[in-house]
Amino acid sequence: MIEFCPNCGMRLTLRRKKDSKEYCLVCAKCGYERQVEAPILPASKRVTEVKQEDYIVVIGEREQKLKTLPVITIECPKCGNNLAYVWQVQTRSADESSTQFFRCTKCGYTFREYS
Ligand SMILES: [Zn+2]
Ligand SMILES: [Zn+2]
């Protein structure tokens, strides 16, 4: 919002009073001054709301991340190995439970838990 001086028509400048939280509109030409209740400055910082679903990271697509995954004792249906990495993939819908995935440490075969 731009306000103009009622005396000379100059554009008023918003100034903050010293040692005060009050603001005033000042005319640089004739010295007109008008106190304003709140700054008419545009909001410079806007808080961006981050949707919760953006935080859900689907692991399993990147192989290098598997190194940090916990290992569980489960039989690989392909090679019979008894160790597999385990991770969970959370579905986007909050109602559905997450699905557990396993990846054989020996042959790399990925399989999921069937309930
Ligand atoms: Zn003026
Ligand atoms: Zn295997």
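## Burial of Cys76

A residue is buried if 20 or more other C-beta atoms lie within 10 Å of its own. In this predicted model, Cys76 counts as buried because 20 other C-beta atoms lie within 10 Å. Cys76 belongs to the loop between β4 and β5.

Beyond its neighbours within four places in sequence, Cys76 is in contact with Asn81, Ala84, Cys104, Lys106, Cys107 and Tyr109. Gly108 is 32 residues from Cys76 in sequence, and the two C-alpha atoms are 9.3 Å apart in space.

## Cys104 and its surroundings

Cys104 is located in strand β6. Cys104 is also buried, because 21 C-beta neighbours fall inside 10 Å and the cut-off for burial is 20 or more. The C-alpha atoms of Cys104 and Cys76 are 6.0 Å apart, while 28 residues separate the pair in sequence.

When neighbours within four places in sequence are set aside, the contacts of Cys104 are Cys76, Lys78, Cys79, Asn81, Ala84 and Tyr109. Asn81, Ala84 and Tyr109 are among the contacts of Cys104, and Asn81, Ala84 and Tyr109 are likewise among those of Cys76.

## The nonpolar core

Cys76 and Cys104 are both members of the largest nonpolar core, which has five residues; Ala84, Tyr85 and Phe102 complete the set. Strands β5 and β6 (99–104) each contribute at least two residues to this core.

## The four-stranded sheet

The strands β4, β5, β6 and β7 form an open sheet in the order β4-β5-β6-β7, with antiparallel pairing. At the edges are β4 (71–73) and β7 (110–112), each of which pairs on one side only. On average, neighbouring strands of this sheet are turned by 40° against each other, with direction ignored.

Strand β4 is joined to β5 (residues 83–89) by three bridges, and the two strands run antiparallel. Thr73 has Leu83 in β5 as its bridge partner. In a regular strand, side chains alternate between the two faces of the sheet.

Conventions
Residues are numbered from 1 along each chain as its sequence is written. Chains are lettered from A and ligands numbered from 1 in the order in which they are written. This is a predicted model: local features need pLDDT of at least 70, side-chain atom pairs count only at pLDDT 80 or more; totals for chains, interfaces and linings use all residues. Two strands pair if DSSP finds at least two bridges between them. Axes are lines fitted to C-alpha atoms, for helices over the stretch in contact, and angles run from 0 to 180 degrees between N-to-C directions. A residue is buried if 20 or more other C-beta atoms lie within 10 Å of its own, exposed if 12 or fewer, and partly exposed in between; C-beta atoms are placed from the backbone. Two residues are in contact if their C-beta atoms, placed from the backbone, lie within 7 Å. A nonpolar core is a set of buried Ala, Val, Leu, Ile, Met, Phe, Trp, Tyr and Cys residues joined through C-beta atoms within 7 Å.
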